[in-house]
Every structure is written in C-alpha cells, then in structure tokens.
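These are my notebook entries on a structure that I am meeting here from the start. I wrote down each thing I looked up, in the order in which I looked.

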Amino acid sequence: MSPHVLVLGGTAEARELAASLVSRHGVRVTTSLAGRVSRPGVLEGEVRVGGFGGVEGLADWLRVHRVDALVDATHPFATGITANAARAAVATRVPAVVLRRPGWSAVPGDRWHDAAGLEDAAALVPALGRRVFLTTGRLGLAAFAGLAGIHFVVRSVEPPQPPMPPDTRVLSARGPFTVEYETALLVEHRIDVLVTKDSGGAATAAKLTAARDRGLPVVMVRRPPLPDGVTTVPDVVGVLSFLGLGPR
C-alpha cells in the first residue's frame, strides 16, 4: 500500500509538493485547504476543504485515514493550524515537517521598519505616510480601522473582512506581480508607504523592489515564531528528503 501523506496546503509550495509526490513517487496525497479562497485551482491527488476541529479533530483524522506523514505547507502566518498540527503529530506519533519558504531580507536602499504584528504596524504608519499600500491579506484589517486621515489601498485575493479603515480602496488581484506593474500602482495611487507581511517567495516580492526604487518606507511585519521542537525545511526538495524519497 502506498504511504499516505497529508499536506496542509494553501501555498504554491504545497501545490508543487502534491504534484511531485503523485506524479513521480506514486504516493497517496491528501491536500487540506482551509476554504478561505473560493477558487484554489487544480491540485494533484485528493483534496479536502475545511477545518479539522482543533488538535483532537486533526489527530482523529490522522488516525482514521492512516496518515504516514504530515507536511505543514501553510502560509507562514497561519499560526493556528501550525500549532494544532504540531500537537496532533506528537499525539499520534505521525512524522511531521514544516515547509517554510525563506523570508525576505533587506538589501542596500531599503527603508524597512520592523513590526512584531499588525497592531505594531498600524502604530508606525502615521509617522511614515498618509497614502498606504496595505498588502497584509484580507484578515486583520481591524488593526488599521482606527487610523483616520490616512488613505489605504488594500490588495487582496478575496474580499477583505471588516472592519476596515474609513478611507479604503480595495484592489482584487492575485500574484505574481512584476516590478513594472507594482511601480505603476504606486505611482497611480500616490503611495508613500508600503505595509506588508514577510511572506517570502518571488510571487509578491516585486513590490519591495518598486518601493526601494521609489525610496518609500516599508513596514515589514515579521513572521511569528514556530512551535518548539518542529522540523522545518525551506523547499519541496527538503520535504522529499524528510520523507526518504529524494528528488527525481
């Protein structure tokens, strides 16, 4: 019987991993999606949508479906599911690994201001600008809702969840984006500060180059810490090695 791998997905890396395991290794793969994106795209292998019901629900699912390995390939800021996955893996003794793409690093010319969370980011904004390009996702905008006198351009794949800042324009778009596209957006909306999360990866990194080229300050929300004791790898090759498969 083929080994069964549960991938907690929602990222490009999760999609790449599922395709690799199914097509090159003949592994049974189930990718679990939270259901927050209405059009997630085609995924190789089996797909389930929705939450597990906390740690106990996930642990039960691992047992009932005879999962041999668990891969957390969720977004770096999906702290809830990452914590639950780590605890469920320990409870069931299922080998587990966290796939996290490397974060972004500042280079000469960047004007980054680190923030520990969205509330810290909101506190930094008034001193930096009055026209903000906000790319922190559709959740958590409540942290900025009390900022009056500031115009926000919010970009999100799905409609943002209120409450939102009183002066907000929403742009619906999905990456990857080019530097030319991002530069044109900054110019069109007269942006003077960018607020983003340290998601890492190339798909949305162009905005950082565009901000650097225009000399704009960037409020960078740093990643939350991972649970103690988890094993992490930076890419799909690392997951394959962890699973004892290796690239082909």
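This is a predicted model: local features need pLDDT of at least 70, side-chain atom pairs count only at pLDDT 80 or more; totals for chains, interfaces and linings use all residues.

**Entry 1: the cavity**

I began inside the model and noted that Thr11, Glu13, Ala73, Thr74, Pro76, Leu99, Arg100 and Arg101 line the largest cavity. On a 1 Å grid over the protein atoms alone, a cavity is a set of points where a 1.4 Å probe fits but cannot get out, a pocket is an open set with protein on both sides within 12 Å along at least five of seven lines, and lining residues have an atom within 4 Å of a point. The largest cavity holds about 50 Å³ of space, where a volume is the space filled by probe spheres set on the points, which are joined across faces, edges and corners. I found that the structure has 1 cavity of 30 Å³ or more. I sorted the lining of the largest cavity into 3 nonpolar, 2 polar and 3 charged residues, taking Ala, Val, Leu, Ile, Met, Phe, Trp, Tyr, Cys and Pro as nonpolar, Asp, Glu, Lys and Arg as charged, and the others, Gly among them, as polar.

Residues are numbered from 1 along each chain as its sequence is written, and side-chain values use heavy atoms, with hydrogens and water left out.

**Entry 2: the second largest pocket**

I then looked up the second largest pocket, which has a volume of about 180 Å³. Of the 15 residues lining this pocket, Ala85, Ala86, Ala89, Ala96 and Val230 are the closest to its centre. β4 (69–72), α3 (79–92) and β5 (96–99) are the elements that give two or more residues to the lining; helices (H or I, at least four residues) and strands (E, at least two) are DSSP runs, numbered from the N terminus.

In what order do the strands of the open sheet of 6 strands stand? I read it as β6-β11-β10-β7-β8-β9, with parallel pairing, where two strands pair if DSSP finds at least two bridges between them. β6 (111–115) and β9 (168–172) stand at the edges with a single partner strand each, so one side of each has no neighbour in the sheet. From one strand to the next the twist averages 20°, with axes fitted as lines to C-alpha atoms, for helices over the stretch in contact, and angles running from 0 to 180 degrees between N-to-C directions.

In α6 I found Ala206, Lys207, Leu208, Ala210 and Ala211 buried, where buried means under 20% relative accessible area, exposed over 50% and partly exposed in between (1.4 Å probe, protein chains only). Their cover includes α5 as well as β6, β7, β8, β10 and β11.

**Entry 3: leucine 128**

Leucine 128 lies in the loop between α4 (118–124) and β7, and counts as partly exposed because its relative accessibility is 22%. Leaving out residues up to four places away in sequence, leucine 128 touches His113, Asp192, Val193, Pro217 and Val219.

**Entry 4: backbone details**

I kept in mind that most residues other than glycine have a negative phi, and most peptide bonds are trans. Arginine 66, in the loop between α2 (54–64) and β4, has a positive phi near 50°. Arginine 93, in the loop between α3 and β5, has a positive phi of about 60°. The peptide bond from proline 162 to proline 163 is cis, with omega near 5°, and another cis bond joins glycine 175 and proline 176, with omega about 10°.

Technical notes. Contact means heavy atoms within 4.5 Å.
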